[in-house]
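Here is a short walk through one protein model. Take a look at it before reading on.

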Amino acid sequence: LTIKRAGVVAVCYCAMVEVDGTSRFCQDKSHWLFAGKLTMAGVAHGSSWLLPTNLVVKIDLSGWGLDPTDTLRLAPADTASCAGEPLAESGVRHNCPD
């Protein structure tokens, strides 16, 4: 199972026994039970910003399960990759007042 987006998902369970090696019972939605919810942590999909240069800016991130110790990594747009070394920027500050 691979979760590809952050958010809240429902966990459902089908306990019907297989007959003849098939799971026909679980094809009927009346056999499924709601077992709970899970939060998949991460930034909301499709975030983008247009920021000025040489000015102090604030970047607001939306998502689920974000923690103050999470890290934001800036990467050149032409690479579209977060692999390799992060940009060395001494002027970046965090937890700044509004």
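A strand here is a DSSP run of E with at least two residues, and strands are numbered from the N terminus. By that rule, threonine 39 lies in strand S2, which covers residues 32-40. The model itself is predicted.

Start with the whole chain. The protein has 4 strands and 0 helices. From the N terminus on, the order of elements reads β-β-β-β.

Now return to threonine 39 in strand S2. Which residues does it touch, leaving aside those up to four places away in sequence? They are Gly7, Val8, Trp64 and Gly65. Valine 8 sits 31 residues from threonine 39 along the chain, yet their C-alpha atoms are separated by 4.5 Å. What about contacts across the protein? Take those with a separation of 6 or more: 42% of them join residues 24 or more positions apart.

Next, the surface. The accessible surface of the protein comes to about 9000 Å². Carbon and sulfur atoms account for 56% of that area. Of the 98 residues, 6% are buried.

One surface feature is a nonpolar patch. Its members are Val43, Trp49, Leu51, Leu55, Val57, Leu61, Leu66, Leu72 and Leu74. Together they have about 780 Å² of accessible area.

Pick leucine 51 from this patch. Where is it found? Leucine 51 is in the loop between strand S3 (42-43) and strand S4 (63-64). Is leucine 51 buried, exposed or partly exposed? Its relative accessible area is 38%, so leucine 51 counts as partly exposed. That class lies between the buried limit, under 20%, and the exposed limit, over 50%.

Methods:
Residues numbered from 1 in each chain as written. Predicted model: local features only at pLDDT ≥ 70, side-chain atom pairs only at ≥ 80, totals over all residues. Heavy atoms only, no water. Buried < 20%, exposed > 50% of the residue type's maximum accessible area, 1.4 Å probe, protein only. Contact = heavy atoms within 4.5 Å. Areas by Shrake-Rupley, 256 points an atom, 1.4 Å probe, with all protein chains shown as cover. Patch = residues over 30% accessible without salt bridge, like charges linked within 9 Å, V, L, I, M, F, W, Y side chains within 5 Å. Salt bridge = Lys/Arg side-chain N within 4 Å of Asp/Glu carboxyl O.
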